[in-house]
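Here are a few notes to read with the model open beside you. Take them one at a time.

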Amino acid sequence: MQILVCLIALFAACSGETDPDPVIEPGPGEPTARLQLIVSGLDDPVHLSAPAGDARLFVVEQPGRIRIVQNGQLLGTPFLDIASKISSGGERGLLSVAFHPEYASNGLFFVNYTDNQGDTRVERYGVSSDANRADPASGKLILTVDQPASNHNGGQVAFGRDGYLYWTLGDGGSAGDPFATGQDLGTLLGKILRLDVSRACGSLPYCVPRDN
């Protein structure tokens, strides 16, 4: 609930909302919610996350940056800037970030984006010696999937309670599911992938859980 309220407030701050303090009318028996401006100055924010137990907010900007909100202030220097690797616009761009469950000790996180060719990539990065800066040179490709169209890319990565990384992929576009990928087990499009990214299997930088 707290993350949801933060997301609503954060996106409202970037939407040009003229009422600075709008009230969300509750349903029967529900508490009243009021939007509160958290921060402004973001460029197309699409996702909000944070490592477990971390008071900072990490905001994904679609053009290719992850920004930090700390103590109510938007830090001037991005946590990660990979805009040069990304095609952005419409449903493309840097779309989400997932922090490893053991981020506090290993400093690893994963991002989902569409590259300059329009294909989807999940990459792993590590934090630098500065807790507010990732190391852009640490990027390691986990998996890439060709995209036949510019929309329906999917884009969410998140860790489950089982410690595995879940990755949602859209059907590849365009409209009306012309590729019929959702029921096609021969493609990763239109699927939710479940990966063990805490270890490598053979030449792969991840393992496929036995109970997938």
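1. Leaving aside its neighbours within four places in sequence, which residues is V111 in contact with? Contact here means heavy atoms within 4.5 Å. With those neighbours left out, V111 is in contact with I66, L80, I82, L94, S96, V97, R121, V122, E123 and Y125.

2. A word on the source: this is a predicted model, where local features need pLDDT of at least 70, side-chain atom pairs count only at pLDDT 80 or more, and totals for chains, interfaces and linings use all residues. Residues are numbered from 1 along each chain as its sequence is written, and side-chain values use heavy atoms, with hydrogens and water left out.

3. Have a look at A149, in the loop between β11 (134–145) and β12 (strands are DSSP runs of E, at least two residues, numbered from the N terminus). A149 is buried, at 11% relative accessible area. Beyond its neighbours within four places in sequence, A149 is in contact with R92, G172, G173 and S174. A149 and D162 are 13 residues apart in sequence, yet 33 Å apart in space, C-alpha to C-alpha.

Note on methods:
Helices (H or I, at least four residues) and strands (E, at least two) are DSSP runs, numbered from the N terminus. Buried means under 20% relative accessible area, exposed over 50%, partly exposed in between (1.4 Å probe, protein chains only).
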